[in-house]
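Please open the model in your viewer and keep the sequence panel beside it. The tour goes from one selection to the next and says what is to be found at each stop.

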Amino acid sequence: MAEGSGRDADIERVIITEEQIRQKIDELAKQVSADHAGAEGGILLVCVLKGAVMFMADFARALGRYGPQLEMEFMAISSYGQGTTSSGVVRILKDLDRDITGRHVVIVEDIVDSGLTLSWLMKYLQSRSPASVEVVALFRKPDAIKVQVPTKYVGFDMPTEFVVGYGLDFAERYRELPYVGVLKPEVYARS
Ligand code: 5GP
Ligand code: MG
Ligand code: MG
C-alpha cells in the first residue's frame with residue numbers, strides 16, 4: 001500500500017483496512033437497527049462533519065438494508081483546528097436544521113479520542129428533548145480518554161496515535177483514503 005504514489009506514498013502503516021471497515025459497519029448497522037426496532041419515528045442520524053462523512057454515507061446505506069425508517073441531519077463542529085491534539089473548545093460551525101424533540105437520535109461520529117467533543121455534543125443534543133440519544137463511533141482510542149462518554153456502539157479500538165483516512169484528515173488532506181493509517185513522520189516535517 002505504502003509503495004504507491006501520491007496519497008498512499010505518505011502512509012507509513014495501514015491500521016484498519018477497507019474490508020475491515022466494510023464488515024464492521026455492517027455489524028454496527030445490524031445492531032443499531034435491532035435495538036431501534038419499533039422506535040417511533042424511526043432513527044434520526046446526526047452526522048458530525050467533516051470527519052464522519054464517509055462513515056455516515058456507508059453506515060446509512062448499511063442501515064437502510066436492515067429496514068428502519070431513517071432521516072439524516074448534519075452538524076459541523078470544530079475542536080481541533082489545524083493541529084493534531086484536541087483543544088476541548090468546541091465551536092458550532094453548522095447547527096441542526098430542525099427540531100429533534102421526541103426523536104430517536106443516533107450520533108454518527110468518526111473517532112472518540114479525548115471524548116471532549118462527544119461529551120459536549122451529547123449534552124447539547126440532550127438539552128433539546130429527544131426521545132433518546134445514542135452514539136455510534138467507528139473508532140475509539142481508549143487510552144486517550146479524558147471524559148467518559150456513554151458510547152453504546154464502537155467499531156474499533158485503536159492505539160493512541162494520530163491517524164488519517166476514511167474521513168479523518170491531517171490539515172484537511174487524506175480524508176478520501178478508503179482505509180485508516182498513520183502518516184510518515186516526514187509528512188509532518190514538511191507541512
Ligand atoms: P476528541 O474530542 O474525542 O478528542 O476528538 C474530537 C475529534 O477530533 C474527533 O471526532 C476527530 O474528528 C478528531 N480526531 C481525534 N483523533 C483523531 C485522529 O487520530 N486523527 C484525526 N485526523 N482526527 C482525529
Ligand atoms: Mg469527529
Ligand atoms: Mg480534523
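**First stop: a helix pair**

Select α1 and α2, which pack at an angle of about 50° with their axes 8 Å apart; the axes are lines fitted to C-alpha atoms, for helices over the stretch in contact, and angles run from 0 to 180 degrees between N-to-C directions. The two helices α1 and α2 are therefore oblique to each other, given that angles under 35 degrees count as roughly parallel, over 145 as roughly antiparallel, 65 to 115 as roughly perpendicular and the rest as oblique. The crossing of α1 and α2 is right-handed, a term used if the near helix is turned clockwise from the far one by less than a right angle, with anticlockwise giving left-handed. Helices (H or I, at least four residues) and strands (E, at least two) are DSSP runs, numbered from the N terminus.

This is a predicted model, in which local features need pLDDT of at least 70 and side-chain atom pairs count only at pLDDT 80 or more, while totals for chains, interfaces and linings use all residues. Residues are numbered from 1 along each chain as its sequence is written, and chains are lettered from A and ligands numbered from 1 in the order in which they are written.

**The contact between α1 and α2**

Now show the residues where the helices meet: Ile25, Asp26, Leu28, Ala29, Lys30, Val32 and Ser33 on the α1 side, and Asp58, Phe59, Ala62, Leu63 and Tyr66 on the α2 side. Contact here requires C-beta atoms, placed from the backbone, to lie within 7 Å. Pick Lys30 and Leu63 from these two groups: 33 residues apart along the chain, they have C-alpha atoms separated by 6.9 Å. Lys30 counts as partly exposed, with 14 C-beta neighbours inside 10 Å; a residue is buried if 20 or more other C-beta atoms lie within 10 Å of its own, exposed if 12 or fewer, and partly exposed in between, with C-beta atoms placed from the backbone.

**Along α2**

Which residues of α2 are buried? They are Met54, Phe55, Met56, Phe59 and Leu63, and what covers them includes α1 (18–35), β2 (43–49), β3 (70–78), β5 (104–112) and β6 (132–140). Just after α2, Gly67 takes a positive phi of about 95°.

In the loop between α3 (116–126) and β6, Ser129 has a positive phi of about 55° although it is not a glycine, and Ser129 counts as exposed, with 11 C-beta neighbours inside 10 Å. Tyr174, in the loop between β7 (153–157) and β8 (180–183), has a positive phi near 75° and is likewise a residue other than glycine, but Tyr174 is buried, with 22 other C-beta atoms within 10 Å.

**Zooming out**

Finally, display the whole protein, which has four helices and eight strands in the order β-α-β-α-β-β-β-α-β-β-β-α. Along its principal axes the C-alpha trace spans about 50 × 35 × 30 Å.

Notes
Contact = placed C-beta atoms within 7 Å.
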